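Morning, everyone. I have one model to show, and I will keep it short.

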Amino acid sequence: MANEAFELFFALLAILALVGSLAIVAARFVGGSAGRAAISGLVPLRFAVPALVTSVSMLGSLYFSEVVGYRPCVLCWYQRIAMYSLAIILVIAAVRKDRAIVPYAKVLAAIGGAIAGYHWLLERWPSIDTGTCSADAPCSVPYFAAFGFVSLAFMALCAFVTVLVFLSVVSPSSAATIETESETVSL
Amino acid sequence: MNKVTTLVVGVVAVLAAVFGVVAFTTSSDQDASLEGASEFQNVVVVGEPLPEFGDGADTAIGMTAPVLEGFGFLGNEVTTTPGTPMLLVFLAHWCPFCQKEAPVLVKWNSSGLVPENLDVIAVTTGTDESQPNFPPSVWLANEKWPELWPVLVDNKDQTAANTFGLAGYPFMTLIGSDGKVLWRNSGEISAEALTEAVNAALGL
């Protein structure tokens with residue numbers, strides 16, 4: 001019962017992160033001046049939100065594996081390498097306000113996101129892989145899928161997308177560009 | 001913090017709290033088992049275990065297959081006593097490939113392609129209440145598993161599966177009338193390929 005509650009809770013958080021990220025992208029490119037102003041307002045959260053998202057993802061994955069007993073498959077382990085590294089780097093970057101880590105974090109998030117995306121596709125269409133379920137932890141079988149599609153792989157994908165959006169779209173240089181565009185339009 | 005940041009933080013915090021309340025106050029129904037069915041049963045193994053099935057030549061071919069003494073979902077005795085050719089089909093309820101294989105086997109039964117005198121015994125193994133499509137008793141009933149094909153229910157330690165060297169699901173082992181292993185296969189297999197493999201192994 002508690003497990004199902006946590007599954008639903010984390011699934012809702014993942015959907016919130018994904019919807020928020022898509023909203024940010026939409027605001028940046030089609031939101032007009034109001035969207036651009038909102039993006040500028042989010043710059044102070046540029047590291048805090050990804051740090052929070054990756055930390056919660058890390059703790060959530062540890063809860064499901066160490067407390068609930070869901071065994072990570074090999075693709076889960078690859079995603080964990082990216083996610084746990086990102087959580088540590090981004091927390092430190094948020095405290096130190098260190099922009100130098102951005103390229104490294106983007107690479108980690110992109111790799112982790114690609115693996116999470118493939119993993120989620122494998123869960124939806126197992127025939128992408130071989131026709132056998134591994135006797136150990138098979139990657140093609142999700143332990144759960146809230147709302148029919150929000151599995152652990154999907155949640156990881158949402159987290160990686162959120163990191164990429166905040167590091168790429170919500171950036172001081174992007175805000176400067178936005179302000180420059182606004183000035184140009186005003187002229 | 002500027003106004004946008006404050007607003008975003010506030011909205012996210014409120015939503016997270018709402019999600020927590022929703023998640024922890026939502027109850028779910030347990031999957032119902034068949035009345036009187038047990039999804040785990042004791043299994044006794046008589047004989048030596050087979051090597052794990054893997055890539056390359058199968059070293060279990062020609063070995064004497066262990067005998068399983070177990071029970072079905074309703075406690076009925078099921079034993080893999082040698083004497084007639086026998087196909088053991090190891091299935092895990094949560095495995096999507098087993099879920100695709102079950103109806104293939106059911107159709108195979110009604111197709112007339114099953115060799116005469118071949119006994120088919122399903123072994124439900126890897127059973128896990130936390131995984132989808134639980135319980136296997138209901139799953140196989142819904143698939144209309146043939147009544148003449150007994151089902152042996154493995155225990156939580158997967159003794160039956162491990163004894164036969166299962167490395168993946170679905171898994172099949174063909175045993176000759178002399179009790180020797182003739183063929184093993186891991187993964188999905190079509191009815192045609194299964195017929196061809198079984199006939200070849202039995203020399204038909």
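First, the ground rules. This is a predicted model, in which local features need pLDDT of at least 70 and side-chain atom pairs count only at pLDDT 80 or more, while totals for chains, interfaces and linings use all residues. Residues are numbered from 1 along each chain as its sequence is written, chains are lettered from A and ligands numbered from 1 in the order in which they are written, and side-chain values use heavy atoms, with hydrogens and water left out.

Start with strand S4 of chain B, residues 86-91. Helices (H or I, at least four residues) and strands (E, at least two) are DSSP runs, numbered from the N terminus. Six of the six residues in S4(B) are buried, where buried means under 20% relative accessible area, exposed over 50%, and partly exposed in between, with a 1.4 Å probe and protein chains only. Met86(B), Leu88(B) and Phe90(B) point one way, and Leu87(B), Val89(B) and Leu91(B) the other. In a regular strand, side chains alternate between the two faces of the sheet.

What does S4(B) pair with? Strand S5 of chain B, residues 119-124, runs parallel to S4(B) over six bridges; two strands pair if DSSP finds at least two bridges between them. Met86(B) has Asp119(B) as its bridge partner in S5(B). Between S4(B) and S5(B) the chain passes through helix H2 of chain B, residues 96-111, in a right-handed β-α-β crossover. Right-handed means that, with the strands pointing away from the viewer, the path from the first strand over the helix to the second runs clockwise. Strand S8 of chain B, residues 171-175, is antiparallel to S4(B), with five bridges, and there Thr173(B) stands opposite Leu88(B).

Now the helix contact. H2(A), residues 32-42, and H1(B) have axes that come within 7 Å and cross at roughly 80°. Axes are lines fitted to C-alpha atoms, for helices over the stretch in contact, and angles run from 0 to 180 degrees between N-to-C directions.

Gly10(B) sits in H1(B), residues 3-25, and is partly exposed because its relative accessibility is 32%.

Gln79(A) belongs to helix H4 of chain A, residues 74-96, and counts as buried because its relative accessibility is 6%.
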